[in-house]
Each structure stands twice: as C-alpha cells, then as structure tokens.
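Reader: I have a model open on my screen and would like to learn how to read it. Could you walk me through the helices and how they pack?

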Amino acid sequence: MASKLLLIAVFVLDLIAFGLAVAAEQRRSTAKIVQDNEIQYNYCVYNSDIATGYGVGAFLFLMASQALIMVASRCFCCGKALNPSGSRAWAVILFIVCWLFFLIAEICLLAGSVRNAYHTKYRTIFSEQPPSCETLRKGVFGAGAAFIFLTAIFNKFYYICYSNARENSFRPYGGGGEAGVGMGAYK
C-alpha cells in the first residue's frame, strides 16, 4: 500500500509550491516611465522583485516534491520487476504524464522568474519615443501554478498505481521459497 506519510508530505510541498506560484502571478513586476529631475530624458522605474523570489521558491518546492516521489518509487526503473497488470500499465502512463507536466511547470516558473527579474535600463531623450519598459506577460506564473496542480494530481495517482503494482511483484518460477530450479527424484 502507498505510504500515507509520503503522500501527505508531497501534498504539503505541492500546496506550498502552488501558493507561491499564485503569489508570484499576483506580485509580478510592473514598470512606469519617469522623467529625470532636469527633464532631459525618460527612464523606467520598476516596483519590487518579490515575484522572482516566489517563482524560485515554487520551483524548488515542486522539485523537492517530484524528487521525493521519484526516490520513493525508485524512479520506476530500478528495483524489482513489477507484476504485469493494469496497475503497472497505469503507473507507466502516469509516470510519463507527471514528468511531462513537471517539466512544463518548471519551465514556466523558471522562465517567469528570469523574465520578471529582467529590467530594461534604456533611457530616451524627451523628444523621442518613450522607452519600452518590458515586464513579464500576465499568466506565465499562472500557467506554472496550473501545471503544478496537474503535476500534484498525477504524481499521487502514479505513486498509488506504482505501489499497487509493487505489492503484487512478479515472482518468476511460481514464487516459491526455493531459490534454484527444483528437481524431482530421478528413477
């Protein structure tokens, strides 16, 4: 049976990652164009970079969650062979899907954090066009939060299916207590 303590720990890590990603979306950097004191040029002024920290935090918590599940399940490729059954088939499918969602979530969080930390340093003379104060597009951290949610769901289902398939592990040669090949009496 799947470890309830592990599932609770992974749930807490995923919940923290989701909360940080949502907070990062709400606190994205914004910019405004400001004139200098002598009114010779315009430049961009950005508000705080707290969303970058939130994004990196969500990235790390999601990575810890994924690592915990993969260590507990031996990354599906190490350990004893699993019994060929429906649980093993679902575990394989869910393993692939949860890694796909995990990678998409991590890419969104990392790209959002990097882009949110980027601040343009352009200045323009007053008579020219205003500077382009580039900021992160709305929804990047939100997409990361959505994929964190999907990763959390599929990780739990993967671990439960893996645990069910592991309970019914494949035992070659009938699974008896004998390690070698049994031989009958020779007459």
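Reader: Let's begin with α1. How many residues does α1 have, and what span from its first C-alpha to its last is expected at 1.5 Å a residue?

Author: Keep in mind that this is a predicted model. α1 has 23 residues, and the expected span is 33 Å. In the model α1 reaches 33 Å from its first C-alpha to its last, close to that expectation.

Reader: Which residues of α1 are buried?

Author: Buried here means under 20% relative accessible area. In α1 that holds for L6, L7, V10, L13, D14, A17, L20, A21, A24 and E25. The cover over these buried residues includes α2, α3 and α4.

Reader: How far apart are R27 and N47 in sequence and in space?

Author: They are 20 residues apart in sequence, and their C-alpha atoms are 9.5 Å apart in space.

Reader: Now for α2. What span does α2 reach, and which residues does it cover?

Author: α2 covers residues 50-72, which makes 23 residues. From first C-alpha to last, α2 reaches 33 Å, close to the 33 Å expected at 1.5 Å a residue.

Reader: Which residues of α2 are buried, and against what do they pack?

Author: The buried ones are A51, T52, G55, G57, A58, F59, L62, S65, Q66, I69 and M70. They pack against α1 (4-26), α3 (86-117) and α4 (140-167).

Reader: How are two packed helices described?

Author: For α2 and α3, the angle is about 160° and the axes are 8 Å apart. Angles over 145 degrees count as roughly antiparallel, so α2 is roughly antiparallel to α3. The crossing of α2 past α3 is left-handed.

Reader: Which residues of α2 and α3 meet?

Author: On the α2 side, look for A51, T52, G55, V56, A58, F59, L62, M63, Q66 and M70. Their partners in α3 are F95, C98, W99, F102, A105, E106, L109, L110, S113, N116 and A117. Sorted by class, this contact of α2 with α3 has 15 nonpolar, 5 polar and 1 charged residues.

Reader: Let me try the next pair. At what angle do α3 and α4 cross, and within what distance do their axes come?

Author: α3 and α4 cross at roughly 155°, and their axes come within 7 Å. These two helices are therefore roughly antiparallel to each other. α3 passes α4 in a left-handed crossing. By class, the contact of α3 with α4 has 24 nonpolar, 8 polar and 1 charged residues.

Reader: Stepping back, in what order do the elements of the protein run?

Author: From the N terminus on, the order is α-β-β-α-α-β-α, with 4 helices and 3 strands. The protein has 187 residues, of which 34% count as buried. Take the contacts with a separation of 6 or more: residues 24 or more positions apart account for 82% of them.

Methods. Residues numbered from 1 in each chain as written. Predicted model: local features only at pLDDT ≥ 70, side-chain atom pairs only at ≥ 80, totals over all residues. Heavy atoms only, no water. Expected span 1.5 Å × (residues − 1). Buried < 20%, exposed > 50% of the residue type's maximum accessible area, 1.4 Å probe, protein only. Contact = heavy atoms within 4.5 Å. Axes fitted to C-alpha atoms, helices over the stretch in contact; angles between N-to-C directions. Parallel < 35°, antiparallel > 145°, perpendicular 65-115°, else oblique. Left-handed = near helix turned anticlockwise from the far one by under 90°. Nonpolar A, V, L, I, M, F, W, Y, C, P; charged D, E, K, R; others polar.
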